[in-house]
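Me: I have a structure to read and would like a guided tour. Where do we begin?

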Number of protein chains: 2
Amino acid sequence: MGKAIILLSGGLDSGTCAAIAKAADHDIIALSFDYGSRHSKEIDNARRIVQHLGIQEHIIMPLALGKFGGSSLVDESMKLGDGEEIPNTYVPARNTVFLSIALALAEARGADVIYIGANAVDYSGYPDCRPEFIKAFEETGRLGTKRGVEGNPIKILAPLISMTKAEIIKQGKSLDFPYELTWSCYAGGELACGKCDSCLLRLKGFKEAGFDDPIEYE
Amino acid sequence: MGKAIILLSGGLDSGTCAAIAKAADHDIIALSFDYGSRHSKEIDNARRIVQHLGIQEHIIMPLALGKFGGSSLVDESMKLGDGEEIPNTYVPARNTVFLSIALALAEARGADVIYIGANAVDYSGYPDCRPEFIKAFEETGRLGTKRGVEGNPIKILAPLISMTKAEIIKQGKSLDFPYELTWSCYAGGELACGKCDSCLLRLKGFKEAGFDDPIEYE
């Protein structure tokens with residue numbers, strides 16, 4: 001199936017997405033970012049997912065987006081999750097940045113596809129998790145790379161984009177993906193808080209899917 | 001004129017572009033990348049340009065694209081400038097990466113425009129220096145940011161995109177921009193080599209513009 005880049009945060013969505021890419025028999029390079037987020041704990045989870053799935057190469061890229069500010073997820077002075085239409089956990093242009101670096105890596109290493117665990121349903125509100133954004137990015141990548149110009153553009157796959165959280169969990173379970181390796185909480189404590197938007201969505205997803213969430217909560 | 005981000009490598013094009021942005025009376029944040037290129041000497045030039053133009057904030061972002069390989073500009077094991085249609089100095093998806101980080105910075109800091117010194121005429125061959133790429137990126141940015149979704153997208157300006165090198169130099173000269181602050185050579189020596197593609201284009205541009213190039217050559 002050729003080489004694939006997978007954007008792997010260590011969360012539930014990207015973990016499931018990695019399991020899907022692995023099941024499709026790609027030769028995988030996992031790419032994680034250390035961008036000064038509150039939940040950088042996720043990177044340890046990304047490492048454990050890489051190990052569990054037998055992914056051979058894992059690139060962890062330091063990326064100082066936290067210095068820019070503008071999000072409660074990277075700026076400790078902002079309160080988590082104020083209730084606007086787009087939550088303040090939105091990190092400015094995050095998926096554009098992550099996909100662009102994945103694109104550079106894909107072209108440098110000859111990968112044909114990039115997997116991203118973006119999800120527009122249960123995580124609505126983030127503009128860069130919508131199908132129209134993914135499509136526009138793919139077109140930008142086609143126009144802005146040597147490979148694209150030569151007629152062999154890199155594909156962006158977002159297999160979870162139209163799934164509910166429960167559907168994502170069912171899909172992962174069908175692939176025997178161990179969700180105890182994933183981390184979703186935004187609060188950055190030792191155990192998941194069970195109260196932030198991300199924990200609530202996760203718990204709701206497990207409930208609807210009919211499985212127990214294997215991680216511990218405070 | 002509001003706040004602007006300027007992508008500033010320290011080369012002739014981005015220096016001229018910074019002078020144009022400054023003349024348009026923007027409040028400017030300059031953004032440079034230390035990405036392991038052979039000509040990282042350019043960053044010192046970027047600093048001097050920032051100082052000369054009186055730009056108040058300069059962010060220099062480490063970005064380990066060099067680790068990915070795939071370009072003679074970041075990979076010392078490749079020979080500079082093999083003569084293909086797209087030169088091997090092309091860095092995979094570089095402008096996509098640079099623009100995406102500029103987009104994140106612009107949204108975090110409330111800037112309305114991003115200036116990029118991309119040029120499609122005398123630097124042909126790089127796919128990510130073409131107007132259609134810039135336009136596609138702008139659209140991706142509109143779809144992938146909170147501001148874009150809210151109807152106030154960030155503009156990408158590439159004022160040099162259709163100019164010849166000579167026209168760029170004339171424009172800079174009309175703004176009294178001191179080209180001795182810029183660096184173009186790819187070879188990474190103490191003085192410019194005068195032989196690489198980039199030096200040759202620069203020298204040709206000065207000749208056609210009717211000015212002397214103020215930098216020293218080997």
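Reply: Begin with the order of elements along the chain. From the N terminus, chain A reads β-α-β-α-β-α-β-α-α-β-α-α. That comes to seven helices and five strands. Keep in mind that this is a predicted model.

Me: How much of chain A is buried?

Reply: Of the 218 residues in chain A, 55% are buried. Among contacts in chain A with a separation of 6 or more, 69% join residues 24 or more positions apart.

Me: Next, the sheet. In what order do the strands of chain A lie?

Reply: Read a sheet by strand order, then by pairing sense. In chain A the order is 3-2-1-4-5, in an open sheet of five strands with parallel pairing.

Me: Let me look at strand 1 of chain A. How many of its residues are buried?

Reply: Four of the five residues in strand 1 of chain A are buried, so the count is four.

Me: How many bridges join strand 1 of chain A to strand 2 of chain A?

Reply: Five, and the two strands run parallel. One pair to find is K3(A) with its bridge partner D27(A) in strand 2 of chain A. From strand 1 of chain A the chain passes through helix 1 of chain A to strand 2 of chain A, a right-handed β-α-β crossover.

Me: And what joins strand 1 of chain A to strand 4 of chain A?

Reply: Three bridges, in the parallel sense, between residues 3-7 and residues 113-115 of chain A. A4(A) has V113(A) as its bridge partner in strand 4 of chain A. For I5(A), the partner in that strand is I114(A).

Me: Now a single residue. Why does H58(A) count as partly exposed?

Reply: Count the C-beta atoms around it. H58(A) has 18 others within 10 Å, so it is partly exposed; buried would need 20 or more. H58(A) sits in strand 3 of chain A. Beyond four places in sequence, H58(A) is in contact with A30(A), S32(A), R47(A) and V50(A). Take S32(A): it is 26 residues from H58(A) in sequence, yet 7.6 Å away in space, C-alpha to C-alpha.

Me: Why is L201(A) called partly exposed?

Reply: L201(A) has 17 C-beta neighbours inside 10 Å, so it counts as partly exposed. L201(A) belongs to helix 7 of chain A, residues 197-209. C185(A) lies 16 residues from L201(A) in sequence and 10.0 Å from it in space, C-alpha to C-alpha.

Me: What should I look for in a nonpolar core?

Reply: In soluble globular proteins, nonpolar side chains tend to be buried together. Here the largest nonpolar core has 123 residues. I6(A), A102(A), I6(B) and A102(B) have the most contacts inside it. Take I6(B): its contacts beyond four places in sequence are C17(B), A18(B), A21(B), I28(B), A30(B), L31(B) and Y115(B).

Me: Last, the two chains. How many residues of chain B are in contact with chain A?

Reply: 36 residues of chain B are in contact with 36 residues of chain A. On the side of chain B that touches chain A, helix 3 (94-109), helix 4 (131-144) and helix 5 (146-149) of chain B each supply at least two residues. Helix 3 of chain B gives the most, with eleven residues. By class, that side of chain B has 20 nonpolar, ten polar and six charged residues.

Note on methods. Residues numbered from 1 in each chain as written. Chains lettered and ligands numbered in written order. Predicted model: local features only at pLDDT ≥ 70, side-chain atom pairs only at ≥ 80, totals over all residues. Core = buried A, V, L, I, M, F, W, Y, C linked by C-beta atoms within 7 Å. Buried ≥ 20, exposed ≤ 12 C-beta atoms within 10 Å, placed from the backbone. Contact = placed C-beta atoms within 7 Å. Pairing = 2+ DSSP bridges. Nonpolar A, V, L, I, M, F, W, Y, C, P; charged D, E, K, R; others polar. Right-handed = clockwise from strand over helix to strand, strands pointing away.
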